[in-house]
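Please take a moment to look over the sequence and the fold before reading on. The paragraphs below lead through a few places in turn.

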Amino acid sequence: MDAVVYSNFRNNVKSYFKQVNDEYRPLMVVNKNPEEDVVVVAKDEWDSIQETLYVASNPYLSETILRGMEEVRQGKTKVHELIEVEDD
């Protein structure tokens, strides 16, 4: 993760926002007091993190995903033909 000091971030906020969004890489903004450091992430990345946390904290969803992954590893999958439905 790249890091930038607060004063540089403040003076170039637009370019840092563009960098974070274009590269999908978080940026640490550091201060003299390390307890005031922050991390800037793209909104899409933040949404993805939140979804991952939600799934990981939901036992039913986590177990369903793990069970599915195990079935794939064991070759217990089926290929199905897609059926096209015509609109009326």
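Which polar atom lies 3.4 Å from the backbone oxygen of Ala-56? A polar atom of the side chain of Ser-62 lies at that distance from the oxygen, and the pair falls under the definition of a polar contact (N or O atoms within 3.5 Å; within protein, one must be able to donate a hydrogen and the other to accept it, and residues adjacent in sequence count only if both atoms are side-chain atoms). This is a predicted model, in which local features need pLDDT of at least 70 and side-chain atom pairs count only at pLDDT 80 or more, whereas totals for chains, interfaces and linings use all residues. Residues are numbered from 1 along each chain as its sequence is written, and side-chain values use heavy atoms, with hydrogens and water left out.

Ser-62 belongs to helix α4, where helices (H or I, at least four residues) and strands (E, at least two) are DSSP runs numbered from the N terminus. With a relative accessible area of 18%, Ser-62 is buried, a word that stands for under 20%, while exposed stands for over 50% and partly exposed for what lies in between (1.4 Å probe, protein chains only).

Just after α4 comes Gly-75, which takes a positive phi of about 75 degrees.

A positive phi is also found at Tyr-24, where the angle is about 50 degrees although this residue is not a glycine. Tyr-24 sits in the loop between α2 (13-23) and β2 (27-30), and its relative accessible area of 45% makes it partly exposed.

Another loop, between β3 (38-40) and α3, holds Ala-42, which counts as buried at 5% relative accessibility. The C-alpha atom of Ala-42 is separated by 9.5 Å from that of Leu-27, although the two residues are 15 residues apart along the chain.

Finally, consider the aromatic rings. A search of the whole structure finds two aromatic pairs, and ring pairs link Phe-9, Tyr-16 and Phe-17 into a cluster. Rings of Phe, Tyr and Trp (its six-membered ring) pair if their centres lie within 6.5 Å, and planes under 30 degrees apart count as stacked, over 60 as edge-to-face and the rest as tilted.
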